[in-house]
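Please consult the sequence and the structure while reading.

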Amino acid sequence: MRDKLKIGITGGIGAGKSSVSKFLEVLGYPVYNADERAKELVVADPEVKAAIINLLGEQAYLEDGSYNRQWVGQQVFADDQLLKSLNHIVHPAVAKDFQKWSGRQASTLIFKEAAIMLEHGKDLVGVDYIVAVVAPEQERIQRIRKRDAFRSEAQIHQIIRNQIPEKDLKAKADFLIDNADHSAVIPQVNSLLHSLSRIIQA
Ligand SMILES: CC(C)(COP(=O)(O)OP(=O)(O)OC[C@H]1O[C@@H](n2cnc3c(N)ncnc32)[C@H](O)[C@@H]1O)[C@@H](O)C(=O)NCCC(=O)NCCS
Ligand SMILES: Nc1ncnc2c1ncn2[C@@H]1O[C@H](COP(=O)(O)OP(=O)(O)OP(=O)(O)O)[C@@H](O)[C@H]1O
């Protein structure tokens, strides 16, 4: 019997990580959203903020101190090296923050949602198993065009190019959730929870 099981939820842009995470939250499970927390930490953590300004310049922040996401996104998604350097600053801070957060959770089963996960390995990300949410690339592009009107189609392709290819994601993940437009996700999440509860009780 395990005292805590940490599960990573990952997937490419528009695959449906947040939709699956929201469903888990509705069921009462704690979910740490790494993408959201990263955007808070780049403002709240003075060391992270200084390192980002050193990397990208003052323009990374707006006059009111908020993170200039749109501008930063334009810079880093078009430049692999710059994205790597930004990851190098942000990811260790997120890993530390996740560790603190998980220590505060009473639940046996907790989740961490993040875009970047299999690129780093389970140990570094601090999870025991990884769930990949997948959907066909064309459907993902259509969803993002609808959700993020400010993003050009070129940027969506740049982001996809910077994420792990779906065939590698499928091969490396411990569990898969197929979130194609017409697939039923809720029964898959229920079956995942059933498998995880068996692991906890083993
Ligand atoms: C580059 C930033 C400013 C863009 O912000 P913006 O609000 O425009 O986009 P958003 O965060 O919604 O991301 C858009 C898509 O790109 C994906 N994405 C985000 N960061 C990365 C990354 N480092 N590598 C690959 N894909 C990424 C997201 O999952 C999403 O699918 C922001 O994503 C960022 O600071 N990323 C670096 C930190 C990071 O790696 N976060 C994710 C995991 S901790
Ligand atoms: N099965 C589905 N059919 C149609 N639209 C969907 C489906 N699942 C999610 N969407 C929509 O697609 C968009 C992307 O979903 P979601 O935000 O959950 O993906 P994500 O993997 O978290 O994306 P990102 O990496 O960009 O944060 C959202 O607008 C969501 O409402």
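The axes of helix 2 and helix 5 approach within 10 Å and cross at roughly 110°. Helices here are DSSP runs of H or I with at least four residues, strands are runs of E with at least two, and both are numbered from the N terminus. An axis is a line fitted to C-alpha atoms, for helices over the stretch in contact, and angles run from 0 to 180 degrees between N-to-C directions. Helix 2 and helix 5 are therefore roughly perpendicular to each other (65 to 115 degrees; under 35 counts as roughly parallel, over 145 as roughly antiparallel, and the rest as oblique).

This is a predicted model, in which local features need pLDDT of at least 70 and side-chain atom pairs count only at pLDDT 80 or more, while totals for chains, interfaces and linings use all residues. Residues are numbered from 1 along each chain as its sequence is written, and chains are lettered from A and ligands numbered from 1 in the order in which they are written.

In the contact between these helices, Ala-34, Arg-37, Ala-38, Leu-41 and Val-42 of helix 2 meet Val-90, Ala-93, Val-94, Asp-97 and Phe-98 of helix 5. Contact requires C-beta atoms, placed from the backbone, within 7 Å. The contact of helix 2 with helix 5 comprises 8 nonpolar, no polar and 2 charged residues. Nonpolar denotes Ala, Val, Leu, Ile, Met, Phe, Trp, Tyr, Cys and Pro; charged denotes Asp, Glu, Lys and Arg; the others, Gly among them, are polar.

Around ligand 1 there are 21 residues, of which Ile-13, Arg-69, Val-72, Gly-73 and Ala-115 are the closest. A residue is counted as near if its C-beta atom, placed from the backbone, lies within 6 Å. Helix 2 (34-44), helix 4 (69-77) and helix 5 (80-103) each give two or more residues to this shell, and helix 5 gives the most, with 6 residues.

Ligand 2 has 13 residues around it, and Lys-17, Ser-18, Ser-19, Arg-143 and Arg-147 come nearest. Helix 1 (17-26) and helix 7 (137-147) each supply at least two residues of that shell; helix 1 gives the most, with 3 residues.

Strand 1 (residues 5-10) runs parallel to strand 3 (residues 109-113), joined by 5 bridges, and Ile-9 stands opposite Glu-113 in strand 3. Strand 1 also runs parallel to strand 4 (residues 129-134), with 4 bridges; there, Thr-10 has Ala-132 as its bridge partner. Strands pair if DSSP finds at least two bridges between them.

Definitions and conventions
Two residues are in contact if their C-beta atoms, placed from the backbone, lie within 7 Å.
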